[in-house]
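Student: Please take a close look at one part of this structure, the aromatic rings and how they pair.

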Amino acid sequence: MKGTDNFKRTIQDYLEVRAKTDELFAKSYAKPNKSIDECITYILNEVQRSGCNGFEDDEIFGMAVHYYDEDNIDAGKKINCTVVVNHTVELTEEEKQELKDKARNDFYNEQLAKHRDSMKPKKRVEKKVTEPSLFDSL
């Protein structure tokens, strides 16, 4: 999972929990003209405008809530960047199993490719030996 996807998931999880526990926010979160992708764009633009490189979780979550609370907010242009989330992501058992299976398959395919390469006949490189000629220039 890329860092930016992890960031998006972290924000979305926070907003969904908040909407379940805060009726007033739940109304804002349900607005049809709002989306998580645009919310992320808004946050990234706010972070860029600030000129800072690090933020507390609450600051970022506050920006996300602000985006949903405000009706006439400009999210700005999409920004191509990578976001680093500084906490551990808990994977579900299903996600862990999928990653294990993928690692096992990748390893198997890598070993199989090595074995196939070792079984291929080696190409011989013939060295041409030239004998000196009596007619070559002295």
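Tutor: A residue is called buried under 20% relative accessible area, exposed over 50%, and partly exposed in between, with a 1.4 Å probe and protein chains only. The model is predicted, so local features need pLDDT of at least 70, side-chain atom pairs count only at pLDDT 80 or more, and totals for chains, interfaces and linings use all residues. Residues are numbered from 1 along each chain as its sequence is written, and side-chain values use heavy atoms, with hydrogens and water left out.

Phe-25 has 2% relative accessibility and therefore counts as buried. Tyr-68 is buried too, with a relative accessible area of 2%. Rings of Phe, Tyr and Trp (its six-membered ring) pair if their centres lie within 6.5 Å; planes under 30 degrees apart count as stacked, over 60 as edge-to-face and the rest as tilted. The whole structure holds six aromatic pairs. In one of them, the ring centres of Phe-25 and Tyr-68 are 6.3 Å apart and the planes stand at 80 degrees, so this pair is edge-to-face. The pair links distant parts of the chain, 43 residues apart: Phe-25 lies in helix H2 (residues 23–29) and Tyr-68 in helix H4. Helices here are DSSP runs (H or I, at least four residues), numbered from the N terminus.

Tyr-68 also pairs with Tyr-67, again edge-to-face, at 4.9 Å centre to centre and with 85 degrees between the planes. Both of these tyrosines, Tyr-67 and Tyr-68, are buried. Ring pairs join Phe-25, Tyr-29, Tyr-42, Tyr-67 and Tyr-68 into a cluster.

Helix H4 spans residues 57–69 and also contains Asp-58. Asp-58 counts as exposed because its relative accessibility is 65%.

Notes: Helix = DSSP H or I, 4+ residues; strand = E, 2+ residues; numbered from the N terminus.
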